[in-house]
Protein chains: 2
Amino acid sequence: MNYFVTGGAGFIGSNLVDRLLADGHRVTAYDNLSTGQRPFLADASKNPRFALIEGDVLDLPLLKRAVAGHDFVFHLAANADVRFGTHHPDRDLQQNTVATFNVLEAMRVNGVKRIGFSSTGSVYGEPEVFPTPETAPFPIQTSLYAASKVAGEGLISAYAHGFGFQAFVFRFVSILGERYTHGHVFDFYAKLLADPHQIEVLGNGKQRKSYLYVQDCINAILTVIAKAGDAVNVVNLGADEYCQVDDSLGWICERLGLNPKCQYAGGARGWIGDSPFIFLDTTKLKSFGWRQTLSIREAVVRTLDYLRANPWVLESRKAA
Amino acid sequence: MNYFVTGGAGFIGSNLVDRLLADGHRVTAYDNLSTGQRPFLADASKNPRFALIEGDVLDLPLLKRAVAGHDFVFHLAANADVRFGTHHPDRDLQQNTVATFNVLEAMRVNGVKRIGFSSTGSVYGEPEVFPTPETAPFPIQTSLYAASKVAGEGLISAYAHGFGFQAFVFRFVSILGERYTHGHVFDFYAKLLADPHQIEVLGNGKQRKSYLYVQDCINAILTVIAKAGDAVNVVNLGADEYCQVDDSLGWICERLGLNPKCQYAGGARGWIGDSPFIFLDTTKLKSFGWRQTLSIREAVVRTLDYLRANPWVLESRKAA
């Protein structure tokens, strides 16, 4: 198979690229390197079955040329900055919604008809059912990020129905692991490096969140694509557990041997649009035979260890 | 109150403009007159509390200037052509999704924080529950039109949460009545004028659809806005009944005194993305005290009578 991976130099994208290459496929990564990192593709770049195209998903003419000749598109490129959506309201619309339309158009004109898409558990807004199944009530969106992913899901399923595509829509919890470049472990570690004695925590520390280890995420994606047969397959990707922000901070501090004083910003939400409880029902995912290998605690610790072993990741993000 | 109505020269928009003026408000209609009709605003234009701005919702600088000074925005402008979405895939994205973003931005920069939005019952895709409540399972989209409206709903609720807007999202069935300019009554009447002896029917004639009379629709909108108090209020607008395509065709033929031979294109759907059964649960709408005044049959006949009395409507659409 000849795979095309938008966001292929990113955290999840580059791990997926490596896995697809290891499975014997040809892979093209398409990335504008705005948050993607060239070092993540160091191994891939040595493989003759791999190519990197430096390009933006908003550059439709280039994208159309680049997609030609591929069998399957993983569309992972996105603005994943959930927290600051209201600071620049058009960013999610452009980089997520319009970008997804561009990917679909590039596929349509080239006759490429299979797509995997990284959506988010945030599309459920603030759900009333936990764990939240794919068939949860039609939600009200609370962030521009989630709204842009809902829009992307809608475009993808409309293309599937209108143009005979097969689509795999994955609603992710937050992902942890090697090549992790942003999120709460990153923020806590960066703050503790700057000041090991005290740390500011957004919200009240009681927010409940689910996380998944990146290799479990990639196993899940490939399992679903191999086994799900509908025209549009919407599948939650998450762990069978959740933790509180305070739990995760405790594991991080324990690993670092620190005991900082915690200052809570207060409130049930870390920021406008933050969901105080994310926990997805993964019954559908498990029905395809997938199993989780790392607990949230193990994934948090592994992420921290990765950041400690790769200080350039923190430096590169600070410079951005 | 000072109302701003995008699509104010259209079918529903111009009826809403007239009603708001009759209720004593100031009204600005904003319309690019691409499908809106100047004659629909003939009465409004005589009212000193009314102004028409000829402009496009994709012209963000003009829209920002135009929205200034208003208290409430009704965003009704849209590409409402559900059937031909796949013929020009970017039209729904631009005219519905991006346009809705523009309206929200124009409101945000002007501090206007209340919006009414014409969404569609098509957002439920092909639901499994009838009548379909607002809390139906998260659907898979089957048309680019519905996908663009889902995207619009998401943007509006994200703005409500992020910027303190109050939003009223109305999921419409198809609307009938005076100033109706497109849809099945229009198509059947135009075909029967051209050939009274035979008529082609898309699908198998058994598609079940719900419709609502335009004045009932406007009463519903104004009732909800007066009484609903949430930050985001999503309300189905529809009738407590549905009919089959064949029923409606029968009423039209009876009114015209015709007995044409029907040729069915076949299939459960009239076109790609057509939903074979639309019937919305209006329990929430009725909880605000609203009641339907015309049956679907009465609304179909009234629509036909309007088209017969206003042959210029058919002529203007044919020329377009």
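Q: What does it mean for two strands to pair?

A: Two strands pair if DSSP finds at least two bridges between them. Strands (E, at least two residues) and helices (H or I, at least four) are DSSP runs, numbered from the N terminus. This is a predicted model, in which local features need pLDDT of at least 70 and side-chain atom pairs count only at pLDDT 80 or more, whereas totals for chains, interfaces and linings use all residues. Residues are numbered from 1 along each chain as its sequence is written, chains are lettered from A and ligands numbered from 1 in the order in which they are written, and side-chain values use heavy atoms, with hydrogens and water left out. In chain B, strand β1 (residues 2-6) and strand β2 (residues 26-31) pair in the parallel sense over five bridges. Within this pair, B:Tyr3 stands opposite B:Val27 of β2(B).

Q: In what order do the strands of chain B form the sheet?

A: The order is β3-β2-β1-β4-β5-β6-β11, an open sheet of seven strands with parallel pairing. Because β3 (50-54) and β11 (232-237) of chain B stand at the edges, each with a single partner strand, one side of each is left without a neighbour in the sheet. From one strand to the next, the twist averages 15 degrees. Such angles run from 0 to 180 degrees between N-to-C directions, with axes fitted to C-alpha atoms, for helices over the stretch in contact.

Q: Which strands of chain B does helix α1 lie across?

A: Contact means heavy atoms within 4.5 Å. Helix α1 (residues 11-22) of chain B lies across β1, β2, β3, β4 (72-75) and β6 (166-172), and runs at about 170 degrees to β1(B).

Q: How many bridges join β5 and β6 of chain A?

A: Strand β5 (residues 114-120) and strand β6 (residues 166-172) of chain A pair in the parallel sense over seven bridges. A:Thr120 stands opposite A:Phe172 in β6(A). Helix α6 (residues 214-227) of chain A lies across β4 (72-75), β5, β6 and β11, at about 155 degrees to β6(A).

Q: What rotation superposes chain B on chain A?

A: Two copies of a chain are related by a rotation about an axis and a shift along it. Superposition is by least squares on the C-alpha atoms of residues with pLDDT of at least 70 in both copies. Here a rotation of 180 degrees with 0.0 Å of shift along its axis superposes chain B on chain A (RMSD 0.0 Å). That is the relation of a two-fold axis. The same surface serves both copies, as 100% of the contact residues of chain B recur in chain A.

Q: Is A:Tyr180 buried or exposed?

A: Buried means under 20% relative accessible area, exposed over 50%, and partly exposed in between (1.4 Å probe, protein chains only). A:Tyr180, in the loop between β7 (174-176) and α5 (184-194) of chain A, counts as buried at 2% relative accessibility. Not counting residues up to four places away in sequence, A:Tyr180 touches several residues, among them A:Phe11, A:Phe186, A:Tyr306 and A:Val313.

Q: Which residues have the most contacts inside the largest nonpolar core?

A: A nonpolar core is a set of buried Ala, Val, Leu, Ile, Met, Phe, Trp, Tyr and Cys residues joined through side-chain atoms within 4.5 Å. The largest one has 146 residues, and A:Phe74 and B:Phe74 have the most contacts inside it. Leaving aside neighbours within four places in sequence, the contacts of A:Phe74 include A:Tyr3, A:Leu16, A:Gly116 and A:Ile221.
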